[in-house]
Each structure stands twice: as structure tokens, then as C-alpha cells.
Amino acid sequence: MSDDSLLVLTGIGIPDYSARGLTQTLEPIEASISLRRTVNGGLKDLSFAQFRKYKSTISCRDQEPPAVDGVWPGQVVTVDCIAELSYPTGGSPGRAVVAGSSRTEGGFVFYRPQVQMLVTGFSVNRDEYGADVQWQMDLEEV
């Protein structure tokens with residue numbers, strides 16, 4: 001496991017020098033959005049709670065590729081995210097909290113979620129002359 005990043009991909013792993021400069025997005029899956037307008041123009045949410053899940057893109061530019069040999073779309077991975085979520089103090093987190101990641105500032109608690117996700121795709125690109133590896137992994141919550 002890499003000591004270069006807070007990211008943990010249980011089931012895949014992260015080699016040293018493959019995760020410095022890492023970025024991660026968390027956003028709602030498309031199926032979670034079901035908005036309709038009434039005849040009076042009001043906007044209503046018709047979504048179902050069971051579709052309130054995240055998709056994520058993890059990308060990086062470093063010296064080594066991630067450990068994706070043998071990893072294919074559909075593989076289940078537990079992701080200790082680097083992206084943070086927050087909720088008002090006195091509330092509760094919407095996802096499991098990565099141990100030791102919770103902190104309070106002002107009236108909010110910030111934490112890194114731990115999420116079960118499926119790999120939906122990935123890419124690895126190497127610049128031979130520049131000794132540079134760029135990679136990206138797309139995931140969706142189970």
C-alpha cells in the first residue's frame with residue numbers, strides 16, 4: 001500500500017509513486033435525479049431514496065501505474081475516499097466514515113466516506129520520454 005496518499009482501494013491496492021497529486025470527484029449517479037415540473041411550473045423531486053448513490057472519478061499523474069492488471073469493469077472495490085463530505089454538527093454521516101478522518105469546523109462535521117463501489121472503467125497512459133504516468137478510474141456505488 002502506498003504511503004503517498006490517503007486513498008485506499010481495498011481489492012486493488014495502490015503501488016508507491018502511483019498516487020501523488022491524486023484528485024477525486026463524488027457526484028450523484030444519473031438514476032438519482034428525477035425532477036419534474038408541475039402544470040404550474042413548480043419543480044418536484046420524484047426520485048427514490050434507494051437511488052441516492054455516488055459515482056466517482058479518481059485521476060492522477062505520477063511515476064507508476066496503478067495496480068489494474070486483472071481489474072475489469074464490474075469488480076467490487078471498497079474505496080476510502082480522499083473527497084470529503086460534511087453534515088451539520090448534531091447530525092449523522094450518510095456513509096461509513098474512514099477511521100480517523102472526521103473533523104469538526106464551525107457548525108459542521110467533515111469526513112472522508114468509505115464506499116463500496118464497482119469499477120466501471122479505467123485508463124492508463126504513459127509518456128515514455130517524460131517518465132510520466134496518467135491514469136483514471138471510474139466507479140459507481142453498489
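This note goes through the predicted model point by point, from its conventions to its cysteines.

1. Conventions. The model is predicted, so local features are taken only where pLDDT is at least 70 and side-chain atom pairs only at pLDDT 80 or more, while totals for chains, interfaces and linings use all residues. Residues are numbered from 1 along each chain as its sequence is written, and side-chain values use heavy atoms, with hydrogens and water left out.

2. Asp62 belongs to strand S5, residues 54–62 (strands are DSSP runs of E with at least two residues, and helices runs of H or I with at least four, numbered from the N terminus). With a relative accessible area of 6%, Asp62 is buried (buried means under 20% relative accessible area, exposed over 50%, and partly exposed in between, with a 1.4 Å probe and protein chains only). Once neighbours within four places in sequence are set aside, the residues in contact with Asp62 are Tyr17, Ser18, Ala19, Arg20, Ala131, Asp132 and Val133, where contact means heavy atoms within 4.5 Å. A polar atom of the Asp62 side chain lies 3.3 Å from the backbone nitrogen of Ser18.

3. Tyr17, which is in contact with Asp62, has a positive phi of about 65 degrees although it is not a glycine; Tyr17 is found in the loop between strand S1 (8–10) and S2, and is partly exposed at 43% relative accessibility. Ala131, another residue in contact with Asp62, has a positive phi of about 50 degrees and is likewise not a glycine. The loop that holds Ala131 runs between strand S11 (113–127) and S12, and the relative accessible area of 44% makes Ala131 partly exposed.

4. The salt bridge between Asp132 and Arg61. Seven salt bridges are counted in the model, a salt bridge being a side-chain nitrogen of Lys or Arg within 4 Å of a carboxyl oxygen of Asp or Glu. In one of them Asp132 pairs with Arg61, with the closest N and O atoms 2.7 Å apart. Because Asp132 lies in strand S12 (residues 132–141) and Arg61 in strand S5, this pair ties together parts that are 71 residues apart in sequence. Asp132 is buried at 13% relative accessibility, whereas Arg61 is exposed, with a relative accessible area of 52%.

5. Further salt bridges. Glu84, Arg103 and Glu105 are linked in a network of salt bridges, within which the closest N and O atoms of Arg103 and Glu105 are 2.4 Å apart. Arg103 is partly exposed at 31% relative accessibility, and Glu105 is partly exposed at 46%. Arg52 forms a salt bridge with Asp45, where the closest N and O atoms are 3.5 Å apart; Arg52 is partly exposed at 46% relative accessibility, and Asp45 is partly exposed with a relative accessible area of 47%.

6. Exposed loop residues. Ile33 is placed in the loop between strand S2 (23–28) and strand S3 (35–37), and at 54% relative accessibility Ile33 is exposed. Ala49, in the loop between strand S4 (43–45) and S5, is also exposed, with a relative accessible area of 53%. The C-alpha atoms of Ala49 and Ser32 are separated by 7.9 Å, although these residues are 17 apart along the chain.

7. Cysteines. A disulfide is a covalent bond between the sulfur atoms of two cysteines. The search of the whole structure finds zero disulfides, with a disulfide taken as a pair of cysteine sulfur atoms within 2.5 Å. The cysteine sulfur closest to that of Cys60 is in Cys81, 15 Å away, and therefore too far for a bond; Cys81 is accordingly in no disulfide. Cys60 is buried, with a relative accessible area of 7%, and Cys81 is buried as well, with a relative accessible area of 0%.

Conventions
Polar contact = N/O pair within 3.5 Å; in protein donor to acceptor, adjacent residues only side chain to side chain.
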